[in-house]
Amino acid sequence: ALELDPISMSANSGLALVYFWARQYDRAIEQCAKAREIDPQFPLTYYYLAHTLEQKASLDCVMIRLAQ
């Protein structure tokens, strides 16, 4: 979809969501940043970014605990 319409907010935010569900949190965050550059007013970008950051923080906490 991005190849056909690289400025599509649905496609850009949707790709961030795909990365989120694949637990590729850093890639999801990067994709949200790209989407924000295209349209900083698109609400789903912030929604996906917030959930991604929440999961990444949880994962980081778990990794720190397991390393102790």
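Helices here are DSSP runs of H or I with at least four residues, strands are runs of E with at least two, and both are numbered from the N terminus.

The model is a predicted one, in which local features need pLDDT of at least 70 and side-chain atom pairs count only at pLDDT 80 or more, while totals for chains, interfaces and linings use all residues. Residues are numbered from 1 along each chain as its sequence is written, and side-chain values use heavy atoms, with hydrogens and water left out.

## The salt-bridge network

Side chains of opposite charge can pair when their charged atoms come close. A search of the whole structure finds two salt bridges. Besides the pair already described, lysine 56 meets aspartate 26 through their side chains, at 3.4 Å from N to O. Because lysine 56 belongs to helix H3 and aspartate 26 to helix H2, this pair ties together parts that are 30 residues apart in sequence.

As for accessibility, a residue is called buried under 20% relative accessible area, exposed over 50%, and partly exposed in between, with a 1.4 Å probe and protein chains only. Lysine 56 is partly exposed, with a relative accessible area of 23%; aspartate 26 is partly exposed at 45%, and aspartate 60 is partly exposed at 36%.

## Overall fold

The chain has three helices and zero strands, which gives the pattern α-α-α when it is read along the sequence. Its C-alpha atoms fill a box of roughly 45 × 20 × 15 Å, taken along the principal axes. Of the 68 residues in the chain, 26% are buried.

## How the helices are arranged

The helix axes are lines fitted to C-alpha atoms over the stretch in contact, and the angles run from 0 to 180 degrees between N-to-C directions. Angles under 35 degrees count as roughly parallel, over 145 as roughly antiparallel, 65 to 115 as roughly perpendicular, and the rest as oblique. The axes of H1 and H2 come within 7 Å and cross at roughly 165°, so these two helices are roughly antiparallel to each other. For helix H2 (residues 25-38) and H3, the axes come within 9 Å and cross at roughly 155°, and this pair is therefore also roughly antiparallel. The axes of H1 and H3 come within 10 Å and cross at roughly 15°, so H1 and H3 are roughly parallel to each other.

A crossing is left-handed if the near helix is turned anticlockwise from the far one by less than a right angle, and right-handed if clockwise. H1 passes H2 in a left-handed crossing, H2 passes H3 in a left-handed crossing, and H1 passes H3 in a left-handed crossing.

Glycine 14 lies in helix H1 (residues 9-21) and is partly exposed, with a relative accessible area of 25%. Although glycine 14 and leucine 44 are 30 residues apart in sequence, their C-alpha atoms are 9.0 Å apart in space.

Arginine 23 is found in the loop between H1 and H2, where it is exposed, with a relative accessible area of 66%. The phi angle of arginine 23 is near 60°, a positive value in a residue other than glycine.

## A nonpolar surface patch

Leu59, Val62, Met63 and Leu66 form a nonpolar patch on the surface, and together they have about 400 Å² of accessible area. Patches are made of residues with over 30% relative accessible area and no salt bridge, where like charges are joined within 9 Å and nonpolar side chains (Val, Leu, Ile, Met, Phe, Trp, Tyr) within 5 Å. The accessible areas come from the Shrake-Rupley method with a 1.4 Å probe, and for residues only the protein chains shown count as cover.

Notes:
Salt bridge = Lys/Arg side-chain N within 4 Å of Asp/Glu carboxyl O.
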